[in-house]
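Colleague: I should like to learn how to read a structural model step by step. May we begin with one feature and then proceed to others?

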Amino acid sequence: SFGQFRNFYYKVTTHKDRELKQFPEVILNDKSHNEMSSESAGANSIGAIYDLEAAVDNVCLISFAPNPISIGRPVIYLVTDRFSGRIVGFSVSLEEAKYSSAADAIYCAIAQKNKYFKESFGIDLPFEWDVSGLPKNICLNNVELDGVDIEEFQRKYSVAIKNTLQQSTELNGSVESTLSLVQKELDSFFVKQSFTSNSSKKADRQDNIDNAFLTLQDYRAIVLYVIDIINHRVIRNTPATYPPEFLSNPNTLWKWAVLSSSIELRSCENEESIHLSLLSKQIASISKKGINCSDIVYTCKEFEKNGLFDRDLMASETLNAVIAIDNSNVSIAWIYPNPTKHPLKYYRCSLADESLFLSNTCMYEAQIFSQLRFESKRQTLSEQERLRRELRSRIKKMTECAIENLKQIDLSLQQGTSDTILSQRVKNEIE
């Protein structure tokens with residue numbers, strides 16, 4: 001079958017082999033890296049090359065819950081346009097070197113920002129960020145993007161994904177310096193929420209983890225403001241034809257390039273399709289309770305309408321369902337009933353009642369909360385079982401006492417009967 005052939009193909013080939021077959025112009029040896037670096041470093045239009053970089057920020061975050069808990073440090077994934085130096089997208093995750101988080105950053109760079117942040121996080125953009133469209137190339141540094149999903153995205157939308165050498169500062173210096181600027185701006189706000197160094201801990205200083213009060217949603221909103229600041233920074237190198245009276249910042253340079261038709265971005269009509277092509281697909285189990293994946297239960301109106309949650313009806317139709325869950329917000333998900341036969345047929349899902357407590361959380365938080373809920377249920381069942389054992393012991397003692405009382409009563413009755421018979425005999429003899 002096609003599925004068996006696909007599994008065999010990905011088993012016997014490497015990512016390098018597949019990239020060479022799909023993009024013959026990209027040669028991945030040392031010599032070609034140098035050639036590509038001289039070509040790519042001089043991007044002559046916006047959208048020609050997007051650079052993606054990730055770094056861990058030194059700030060403590062807490063969960064969004066009635067009883068907040070520490071959830072660790074955020075990882076910023078930043079996407080910049082090499083021509084203008086403008087930040088075009090980002091994502092914030094709690095997991096380092098994660099494919100889904102890098103894919104979120106790429107989708108953010110491609111999508112219309114107002115719609116994306118409103119629908120995904122309920123955030124109204126406080127400034128103009130008119131960047132959207134598919135770039136020609138995406139260069140990665142310190143980020144892993146590999147697998148079936150990203151190759152489908154490359155093939156379907158003709159976007160070349162290139163992994164740069166970490167030693168090549170010519171290729172990734174721009175995005176690295178931009179990310180450093182973002183972190184410096186953030187550090188000035190989060191001094192009291194930063195992790196205390198080991199040397200400070202040894203000096204008996206207070207650990208700032210106790211001072212944490214920002215949630216992932218709060219942090220994401222603050223990063224947005226910082227990005228606006230960085231996009232208004234002074235840039236040193238501008239094109240020779242750039243008017244000297246224009247402001248020397250990435251935003252103005254971007255707008256000038258658009259007006260000058262120096263742009264290689266391609267518009268995207270169906271952003272949902274792009275989003276789905278970037279999301280990882282996971283096997284889902286279907287039952288009367290709903291659609292279960294990673295201990296998160298979803299429901300789907302189309303499945304309810306077609307009776308696919310009913311086991312009797314499901315027996316007549318074989319489903320190999322997979323689900324695509326948004327890593328940054330598990331409330332957003334799509335289900336593919338049978339991707340092998342109908343790869344373009346999918347439905348939107350929503351959280352079932354038993355998983356509503358995970359609304360608007362990222363996958364990492366959802367896994368923590370699900371584990372806490374599981375432990376809570378386990379402790380509840382353990383407490384219930386303890387009470388049940390105590391009740392059984394109490395009932396056993398009560399039963400034993402009751403039986404003992406009945407025996408005493410029987411003995412008393414028997415003794416009373418004997419006394420009555422004896423007294424009657426004595427009375428008869430006297431008479």
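Colleague: Which strands does helix α11 lie across?

Modeller: This is a predicted model. In it, helix α11, residues 271–278, lies across β8, β12 (322–325) and β13 (333–336). Relative to β13, helix α11 runs at about 75°.

Colleague: What is the order of the strands in the open sheet?

Modeller: The open sheet has 7 strands in the order β8-β12-β13-β14-β11-β10-β9, and the pairing is antiparallel. The strands β8 (281–283) and β9 (285–287) stand at the edges; each has a single partner strand, so one side of each is left without a neighbour in the sheet. From one strand to the next, the twist averages 40°.

Colleague: How many bridges join strand β11 to strand β14?

Modeller: There are 2 bridges between β11 (residues 296–299) and β14 (residues 347–351), and these strands run antiparallel. As for individual residues, T299 has S350 in β14 as its bridge partner.

Colleague: Is S93 buried or exposed?

Modeller: S93 is buried: its relative accessible area is 4%, and the cut-off for a buried residue is under 20%. S93 belongs to strand β5 (residues 87–93). Its side chain makes a polar contact of 2.8 Å with the side chain of S101. Not counting residues up to four places away in sequence, S93 touches R73, P74, V75, Y77, S101 and N327.

Colleague: What is the mean pLDDT of the protein chain?

Modeller: The mean is 81, and 77% of the residues reach 70 or more. Over residues 23–40, however, the pLDDT is below 50, although this stretch has 23 contacts in the model beyond near neighbours in sequence. Residues 196–207 also stay under 50, and the model has 7 contacts for them beyond four places in sequence. Where pLDDT is low, the predicted coordinates should not be read in detail.

Definitions and conventions
Residues numbered from 1 in each chain as written. Predicted model: local features only at pLDDT ≥ 70, side-chain atom pairs only at ≥ 80, totals over all residues. Heavy atoms only, no water. Pairing = 2+ DSSP bridges. Helix = DSSP H or I, 4+ residues; strand = E, 2+ residues; numbered from the N terminus. Axes fitted to C-alpha atoms, helices over the stretch in contact; angles between N-to-C directions. Contact = heavy atoms within 4.5 Å. pLDDT = per-residue confidence, 0-100. Buried < 20%, exposed > 50% of the residue type's maximum accessible area, 1.4 Å probe, protein only. Polar contact = N/O pair within 3.5 Å; in protein donor to acceptor, adjacent residues only side chain to side chain.
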